[in-house]
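Have the sequence and the coordinates open while you go through them.

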Amino acid sequence: MGEETGRGRIPLPRRTSASAPAEPGDSAGASPDAMLIRRTMAEIAPVADKVTSYFYALLFVRHPELRSLFPAAMDAQRDRLLKALLTAAEHMDNAAVLTDYLRNLGRGHRKYGTEPGHYPAVGEALIGALTRYATTTWDEETEAAWVRTYTAISQIMIDAASEDERRAPAWWEAEVVSHELRTPDIAIVMVRPHQPYPFLAGQYTSLETPWWPRVWRHYSFAGAPRPDGLLSFHVKAVPAGWVSNALVHHARPGDVLRLGPPGGSMTVDHSTDSGLLCLGGGTGIAPIKALVEDVAEHGERRPVEVFYGARTDVDLYDIDTMLRLQQSHPWLSVRAVVDDRSQFPDAVREFGPWYEYDAYLSGPPGMIRSGVDALRGAGIPSERIRHDSLEELVGTAD
């Protein structure tokens, strides 16, 4: 399976120089393959639901053995796998960002039991779905571009998983040791991994609960690494959120969760003394708190400005913790911004200038997008604005 290279087939990726993402290849900043892929994406956008359904139908009919890798109820999985692949394909020219994203994705897929031989099957289903629904733009040249792109994407993921297998388990088990409801729908959950769990402040992991096997969602660590190894997460129950509702309303001390590998690049650069401008919206304050603790543990005296955004006073569920940190560290300033009009980033800009700061954003995707625009407008270069944009694009937290 997967070794054929004929029309509609995806070869099993091999380690070659073609496995790296392409660099921009024309005057418009996009490679020829990227232009063809974006043309396909534009055509299938209005029928995305049909493409998703057909993709899974092809995958499970042709390879029924793969069905066990997915949740029993597919509405929990929905379009995450396909959207991740399409997002990666659309951004293939952004090598610096995309390679890290794909490596994290490859490492993370180990927890599902994914093996190298599964990738060609997924690729065949992807090409089959696109062939059916991209009826006006699909031709041999476009198909070849998608085959090349998917081969490069899957090779990066396979290599990352293989490398990770030599040094880390596919998942870690962790026991819930405390569960505190801060509001009716926000809980702070602390767990103790059964074996050492290495991570960096500002990163995130994926969690699986015993109530919904094979359903994983991403959550940020709400603190820097601790000597006792305990991990803390801030979880908000959202409508139809399988994992979030289980963690908020059902998890209790003694329950055992599973953790995927850590991911994300929203970490502090300790080689510079630039100030940190941190924007945390809602439970997005969790990784911001971790960054503050990280700076404190390194004994640095660089200025850290934290803006804690919320729609109502009730949503400032962790403001007391942040204010205690401010009292302990004279280099830290914490400001609460209560704004139900979604203009939080504009309020932050008024306190500038911020052009000498490194910016960190965490919160709802809409806040991230408007925040990046506001901070660029305030003079902060794009390379000094950190957030996990691709993870937000593929919708991994509920």
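1. **Ground rules.** This is a predicted model, where local features need pLDDT of at least 70, side-chain atom pairs count only at pLDDT 80 or more, and totals for chains, interfaces and linings use all residues. Residues are numbered from 1 along each chain as its sequence is written, and side-chain values use heavy atoms, with hydrogens and water left out.

2. **Confidence.** Mean pLDDT (the predictor's confidence in each residue, from 0 to 100) comes out at 86, and 87% of the residues reach 70 or more. Over residues 1-27, though, the pLDDT is below 50, even if the model gives this stretch 64 contacts beyond near neighbours in sequence; contact here means heavy atoms within 4.5 Å. Residues 390-398 also stay under 50, with 35 contacts beyond four places in sequence. Where pLDDT is low, the predicted coordinates should not be read in detail.

3. **Overall make-up.** The secondary structure comes to 13 helices and 11 strands, taken as DSSP runs numbered from the N terminus (helices: H or I, at least four residues; strands: E, at least two). Of the 398 residues, 53% count as buried, where buried means under 20% relative accessible area, exposed over 50% and partly exposed in between, with a 1.4 Å probe and protein chains only. Among contacts with a separation of 6 or more, 75% link residues 24 or more positions apart.

4. **The antiparallel sheet.** Six strands make an open sheet in the order E4-E3-E6-E1-E2-E5, with antiparallel pairing; two strands pair if DSSP finds at least two bridges between them. E4 (216-220) and E5 (231-236) stand at the edges with a single partner strand each, so one side of each is left without a neighbour in the sheet. From one strand to the next, the twist averages 40°. At the E4 end, 5 bridges join E3 (residues 204-208) to E4, and Thr-205 has Tyr-219 in E4 as its bridge partner.

5. **Strand E2.** Which strands does E2 pair with? One is E1 (residues 172-183), antiparallel over 8 bridges, and the two form a hairpin with 2 residues between them. Val-176 stands opposite Val-191 in E2. The other is E5, joined to E2 by 6 bridges, again antiparallel, with Val-189 partnered by Phe-233 in E5. In E2 (residues 186-193), 7 of the 8 residues are buried, so the strand is largely enclosed by the rest of the structure.

6. **The parallel sheet.** A second open sheet has 5 strands in the order E9-E8-E7-E10-E11, with parallel pairing. Its edge strands are E9 (332-338) and E11 (385-386), each pairing on one side only. E7 (residues 275-281) and E10 (residues 357-362) run parallel and share 6 bridges; Leu-277 has Ala-359 in E10 as its bridge partner. Helix H10 (residues 319-328) packs on this sheet, touching E8 (304-310) and E9, and its direction makes about 155° with that of E9. Helix H12 (residues 365-377) packs on it too, touching E7, E10 and E11, at about 165° to the direction of E10.

7. **H1 against H7.** Helix H1 (residues 32-44) and helix H7 (residues 140-165) pack at about 105°, with their axes 9 Å apart. Axes are lines fitted to C-alpha atoms, for helices over the stretch in contact, and angles run from 0 to 180 degrees between N-to-C directions. The pair is therefore roughly perpendicular (65 to 115 degrees; under 35 is roughly parallel, over 145 roughly antiparallel, the rest oblique). H1 residues including Leu-36 and Met-41 meet H7 residues including Trp-146 and Arg-148.

8. **Ala-145.** Beyond four places in sequence, Ala-145 is in contact with Asp-33, Leu-36 and Ile-37. Ala-89 is 56 residues away in sequence and 10.0 Å away, C-alpha to C-alpha.

9. **Val-338.** Val-338 lies in E9 and is partly exposed, with a relative accessible area of 41%. Its C-alpha is separated by 4.9 Å from that of Ala-310, 28 residues apart along the chain. Leaving aside neighbours within four places, the contacts of Val-338 include Ala-310, Arg-311 and Leu-316.
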